[in-house]
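Colleague: I have a new model open and would like to learn how to read it. Could you take me through some features, one at a time?

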Amino acid sequence: MGERAPDGSSKTGKSAKKAVGAEGETSPGKKAAKKVTKRAGTPAEKPAEPPAGKPAPAAKKSASGKKAASAKKTAPAKKTADGKEPAPAKKAAASKTAASKTAPAKKSAPAKKTAVARKVKPADVVLPADAVVKKAAPVKKIVVRPPGGESPTALVRRARRINRELAEVYPYAHPELDFENPFQLLVATVLSAQTTDLRVNQTTPALFARYPTPEDLAAADPDEVEQILRPCGFFRAKTRSVIGLSKSLVENFGGEVPGRLEDLVTLPGVGRKTAFVVLGNAYGRPGITVDTHFQRLVRRWKWTDETDPDKIEAAVGALFPKSEWTDLSHHVIWHGRRICHARKPACGACPIAPLCPAYGEGETDPEKAKKLLKYEKGGFPGQRLNPPQAYLDAGGKPAPPLGAA
């Protein structure tokens, strides 16, 4: 097509081709010369761009949405054709100049980038937050938090107050197994599984009279031991346990009961509960005895919701100083045997009823509740044949021997 000259006259096809040819000459020598001139930084060449170039088509293209992007892409090609290839530092300036001319196109491009950045940033923030929430989820497993919104601090205060109240009710609390040394306590505790302390106390006098030391019991005839232990129930399994632990004491510990938890649990028939009974009452080393009474009461009091003895031990131990663990065990077990029974708790006669979340599960009438009390609270004998003097001074009665009327 023809092209009009500045004076209004039209150019012929040949003149147009000549103009294009003159404008589009890109011989290596001229390119090099132009690059040298450009590197020299001649400022007069930049204003010459509007007449030599074709700003009108670029403006037309920038006026429409998609054409603006294509115009932006072809801008470097234009400058290359003009022989004005900018250096890296000047490319940024050239792009700024082109951006100022094609303002609508430049505004649309950063808008897209900003939108992408906004999408990426929330994603980066959300992912770590989700990970933190998942890691923090086990916090819900804190078993010391009771229902009703009680805080951990309030729970600790309530639990310790219950222990203080029980200490006043049972100042004479003690292990209810008869023993004279660590070996007798160890054997008696193993025999107390699935039976009462009273039955064990009525059985062990004959056993210890016949086999007073670990060496004697290790060499005992199993049939004879079974006959002695028959009243305790599960006598065959218990016979294997007491003879096995006696042999282990002789072979591994020189016939002495070890004073460490790690050593005690290696003996046949000895678990953490038995080990803590021995450590707390024979060696004076604190421990929590998690028996059936202890498990029942700490769940009723909402100290923990755990059912595993080891987890109960850990949860309750976190509520009290270590020095109180042994006496705490005695207080809780005594209360479970005398007042807070499994089937018919005497809620109406309970000294800690205001602190108990389970109040009302049992008999609440005071007169009827008193009839449910056991052992010294109900006027009956205790479980030990030879109880401590403090228990006798408090009005407790010793248990009768085996076979007594």
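Modeller: Let's start with one residue. This is a predicted model. At 4% relative accessibility, glutamate 176 counts as buried, because the cut-off for buried is under 20%.

Colleague: Which residue forms a salt bridge with glutamate 176?

Modeller: First, the general idea. Side chains of opposite charge can pair when their charged atoms come close. Here the partner of glutamate 176 is arginine 337, and their closest N and O atoms are 2.6 Å apart.

Colleague: Where in the chain do arginine 337 and glutamate 176 lie?

Modeller: Arginine 337 is in helix α18, while glutamate 176 sits in the loop between α8 and α9. They are 161 residues apart, and the pair links these distant parts of the chain. Arginine 337 is buried too, with a relative accessible area of 14%.

Colleague: How many salt bridges does a search of the whole structure find?

Modeller: The search finds eleven. Take glutamate 150 and arginine 158: the closest N and O atoms of this salt bridge are 3.0 Å apart. Glutamate 150 is buried, at 18% relative accessible area. Arginine 158 is buried as well, at 12%.

Colleague: Arginine 260 also forms a salt bridge with aspartate 263. Is arginine 260 buried or partly exposed?

Modeller: Arginine 260 has 46% relative accessibility, so it counts as partly exposed. The closest N and O atoms of the two are 3.1 Å apart.

Colleague: Now the rings. How is a pair of aromatic rings described?

Modeller: Two values do it: the distance of the centres and the angle of the planes. In this structure the count comes to seven aromatic pairs. Tryptophan 301 and tryptophan 303 form one of them. Their centres are 5.0 Å apart, with 55 degrees between the planes, and the pair is tilted. Both tryptophan 301 and tryptophan 303 are buried.

Colleague: What kind of pair do tryptophan 334 and tyrosine 391 form?

Modeller: That pair is edge-to-face, at 5.7 Å centre to centre and 80 degrees between the planes. Tryptophan 334 lies in helix α18 and tyrosine 391 in helix α20, so the pair ties together parts that are 57 residues apart in sequence. Tryptophan 334 is buried, with a relative accessible area of 1%. Tyrosine 391 is buried at 3%.

Colleague: Which residues do ring pairs link into a cluster?

Modeller: The cluster is made of Tyr170, Tyr172, Trp334 and Tyr391. Tryptophan 334 also has a charged neighbour: arginine 338 lies over the face of its ring, 3.7 Å from the ring centre.

Colleague: Helix α18 keeps coming up. How many of its 14 residues are buried?

Modeller: In α18, 13 of the 14 residues are buried, and the helix is mostly covered. From its first C-alpha to its last, α18 reaches 20 Å, close to the 20 Å expected at 1.5 Å a residue.

Colleague: Next, the nonpolar cores. Which residues have the most contacts inside the largest one?

Modeller: They are Ile162, Tyr170, Phe294, Trp301, Trp303, Val316 and Phe320, in a core of 35 residues. Helices α8, α16, α17 and α18 each supply at least two residues of this core. The largest share, five residues, comes from α8.

Colleague: What is isoleucine 162 in contact with, leaving aside its neighbours within four places in sequence?

Modeller: Isoleucine 162 is in contact with Trp301, Trp303, Ile352 and Leu355.

Colleague: Let's finish with the whole chain. How many helices and strands does it have?

Modeller: The secondary structure comes to 20 helices and two strands. Buried residues make up 37% of the 405 residues. Among contacts with a separation of 6 or more, 58% are between residues 24 or more positions apart.

Technical notes: Residues numbered from 1 in each chain as written. Predicted model: local features only at pLDDT ≥ 70, side-chain atom pairs only at ≥ 80, totals over all residues. Heavy atoms only, no water. Phe/Tyr/Trp six-rings, centres within 6.5 Å; stacked < 30°, edge-to-face > 60°. Buried < 20%, exposed > 50% of the residue type's maximum accessible area, 1.4 Å probe, protein only. Helix = DSSP H or I, 4+ residues; strand = E, 2+ residues; numbered from the N terminus. Lys NZ or Arg CZ within 6 Å of the ring centre and 35° of its normal. Core = buried A, V, L, I, M, F, W, Y, C linked by side-chain atoms within 4.5 Å. Contact = heavy atoms within 4.5 Å. Expected span 1.5 Å × (residues − 1). Salt bridge = Lys/Arg side-chain N within 4 Å of Asp/Glu carboxyl O.
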